[in-house]
Structure formats: C-alpha cells, structure tokens
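Subject: Structure handover

Hello,

Here is the structure I promised to pass on. Please open it alongside this email; my notes follow below.

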Amino acid sequence: MSFEMVEGVLNINATAIMTTAMAAVMLLIGYFVKNKVAVLGKYCIPAPVVGGFLFMFISFAGHMSGTFAFNFDTLYQDPFMLAFFVTVGLGASYKLLVKGGILLIVYWLIAGIISVCQNAIGIAVGKVVGLEAPYALLSSAISMIGGHGAALRYGGDFVKLGFEQGELVGAAAATFGLISAVLIGGPLGRRLIEKHNLHPDENDTFTSDVDQINAASKEALSGLDVIKNVTAILVCMAVGTQISGWIGKLIDMSFPTYVGAMFVAVIVRNLNEVFHFYNFSFSLVDGIGDVMLSLYLAIALMSLKLWQLLDLLGGVFLVVMCQVLFMALIAYFVVFRILGSNYDAAVMCAGLCGHGLGATPSAIVNMTAVKDRYGMSRKAFMIVPIVGAFLVDIIYQPQTIAFIKFFVPAASNLVG
C-alpha cells in the first residue's frame, strides 16, 4: 500500500493482496454488523453487501469531500469469480440436472423473456422522455443482465458512434443495477416466504437425491485428497479460460471466461463419477465456492464508485428505476406463481432479482441470505447459477443485438 498527494487529495493505493485483505476484513465486519443489527438478518441482507456498502460509503465520503480516495488493484476479483463458477459446475451432476430439467427450462425461458422485456421497457421509456436509443439500451438488459463488463463493452461501441457518454451511462446503470440486485432480492424472497408461510419441503425427493449423490465418504479426506480437489478447480479454471478464448475468436465476440470454466467443471464432475479419478468432496468444494463468492462480491462492492450514480440523471435514471420496479413486480406477482408458488419458487425469485439486475454472484448471495434464515432450496441453488451464468445469454445476447441494429442502425457494423 502506498500514499500520495495528488492535487490536494490523499490517494491511498492498495495492491492486489492488500485489496483482497481489506475485502476479507470488510466481509467479517459485514457478518459482525449483520449479527448485531437484527433488521439486516430479518430482511435477508447478505453479509458481503453489508461490509461492502460500509466501505463504499467511506469512499463516497472521501470523494465528495475531496480529501481522500482509494485506488484498488482488483487483480484477484476475476479469479475468485472463476473459482466460484467452477465450484458451481462441479456441483452439477448429470443425474441432478436431469431431475431438475423441466423447472430449469421454465426458469431459463422466464429469464430470457424478462431480458426482452427489459430492452422493450428501455426503448419505450426512452421514447417518452426523449432519451436516445443507445442510452436507453445501455440502461436496459445490457447493464442489468450483462453487468459492468457488457455495459462498458457496448458503451465503448456507442462512444465510437458519437454517443460520448456511452461508457459513463453504462457503468452508472450497471452500478445501480448491482446495488438494487443485492438490496431487493433477499427482502423479496423473505416477503414471499412470510406471506405464504412457506417452508422447505422435507419430503422433496430431489433434496434427498442431492444429499445422496453428494454424500461424503465415511473416510476423512487426506491431505492429498484436498490437493486433488483444489487442483481440479484450478485446472478447470485454466482450461475453461482457454476454451472461452477460442470460442470468442470463433464467434468474433467476447465470450465470458467463467462460462467456459463452469462447463469444463460440469464435464470433469460427471467424468469423475464414471471413472473415479479422485475422491471428490462436495462439502469441500462447496465451502471453497462460498469463500470465493464472498470475497468476489466484497471486492466488487467495496470498489464500486457510488458517485457514478450521480450521472444517472433525467431519462437514464427513469429507465433504470423502471427496470428495478419491473423486476420486483414480475418476480413477486408472476414468476413466483409460474414456478409453483412454493418455497423453491420464492428462493429462485430472490436469485432472479440478483442476476436479472446485477450478476449471477449477486443471485447466489441473495439466495444464501434467504437459505441461512429459512432453509436450503437445492433446486434453486442448482438451476439459478446455470441459467444466470450461461443459458440466459443464449436469449439475451441475440435479442439485444437485434434491438441495437433496429433502433441504432449506425451500430450495425459494430455488433453482431
């Protein structure tokens, strides 16, 4: 860590290791505060969100007062996310995917239709308030589902076309979406559970199948077993990243590295069930995934620039507010019923708000907060990550490109 004065502002520069350490400390502070403030636990606000928000407001105070600023090296943020998605993939046994098939397809179609609605809302509201189409679309599915990465990529394309605020609007909308995702998901899931007096189904055969398939052996893991499990995670990360790069070149578009890593992990898990290459431990892998997710989200929230929301003025602000309101209403009144009006449906709605407004890690942390208070939903934790991380893109990406080509004709040579 280093300190320097730049134009009268104390700049605090944190190395990648220091950034990770600070995120870990803020994560623990988040758990401490959540345990002490009952309302946070009551409304299922995730601990990483509590800790990340506390630091985000500290950074905001420094920026607004012009006295200090934090500069983070988020080098390890992407590896943490990669590792998390690999652990999700390693938990996806083919036997379980088949059992959850119909509900998975229904949830996937719902997520895809919602992404179309988001773009339609953006264009419609934009027309009413006189907001140019690129900015309206950057405030829609691009930033809500695509997150910061997609917002900056598409925003950069629009900048080339003369829409100078493209990247700024995209980043601000994605920030607003991520914050909204982790603030409304847990409380919405809680409201559904409390209102309908829902409980995990103790007689659910799917849950017993999950427990049976992922059951640990009676023998304790040896040190070598732990190394093999960790090695499998690292190899999946490396191979998956390489494959994602090849796919990106093939389709001439950026392809998320975590998608390749997750599906390599799915293949490794199912091959291992047949050939027994190593003693796979679901509990160990699941625990590693929890740590990776918490650190990723803590870094992501801690390093958010809250003042970017000041750029959400006029039409852009109205569009993103409509997106959040739409997501909350559609999840609460429609999706919950389509998914079965049961406990699993309520948890999945909390997850939908997470990846429908922010990112898949937001979905998982929302569901984890609900699970910690009310109980596990195995179906939700299997289906939501797979749809949010990859399947929704099969619908979201092509239809978003179609919206851009139709409403921003000059962009035809930049996308697709």
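First, a term: two strands count as paired if DSSP finds at least two bridges between them. With that in hand, in β3 the bridge partner of Leu10 is Phe68. Please keep in mind that this is a predicted model.

The sheet

Three strands form an open sheet in the order β1-β2-β3, and the pairing is mixed. β1 and β3 are at the edges with a single partner strand each, so one side of each has no neighbour in the sheet. From one strand to the next, the twist averages 25°.

Take the antiparallel pair to begin with. β1 covers residues 2–6 and β2 covers residues 9–14, and five bridges link them. Val6 sits opposite Val9 of β2. Glu4 faces Asn11, also in β2. Two residues lie between the strands of this hairpin, and Glu7 has a positive phi there, near 55°.

Now the other side of β2. Strand β3 (residues 68–72) runs parallel to β2, again with five bridges. Besides the Leu10 bridge to Phe68, Asn11 has Ala69 as its bridge partner in β3. As background, strands of a sheet pair through backbone hydrogen bonds, either parallel or antiparallel.

α1 (residues 16–36) lies across β2 and β3, and it runs at about 95° to β2.

Helix packing around α14

On the α3 side, the contact is made by Pro48, Val49, Gly52, Phe53, Phe55, Met56 and Ser59. On the α14 side, Ser294, Leu297, Leu301 and Met302 take part.

From α4, the contact residues include Phe80, Met81, Phe84 and Leu90. From α14, they include Val285, Ile288, Met292, Tyr296 and Ile299.

What is the span of α15, from its first C-alpha to its last? It reaches 35 Å, close to the 36 Å expected at 1.5 Å a residue. α15 has 25 residues, 314–338. A kink of about 45° is centred on Ala331. After α15 comes Gly340, with a positive phi near 120°.

α18 is the other one to inspect. It has 30 residues, 378–407, and reaches 41 Å, close to the 44 Å expected at 1.5 Å a residue. Where does α18 bend by about 50°? The bend is at Gly388.

Best wishes

Technical notes:
Residues are numbered from 1 along each chain as its sequence is written. This is a predicted model: local features need pLDDT of at least 70, side-chain atom pairs count only at pLDDT 80 or more; totals for chains, interfaces and linings use all residues. Side-chain values use heavy atoms; hydrogens and water are left out. Helices (H or I, at least four residues) and strands (E, at least two) are DSSP runs, numbered from the N terminus. The expected span of a helix is 1.5 Å times one less than its number of residues. The bend at a residue is the angle between axes fitted to the seven residues ending there and the seven starting there. Contact means heavy atoms within 4.5 Å. Axes are lines fitted to C-alpha atoms, for helices over the stretch in contact, and angles run from 0 to 180 degrees between N-to-C directions.
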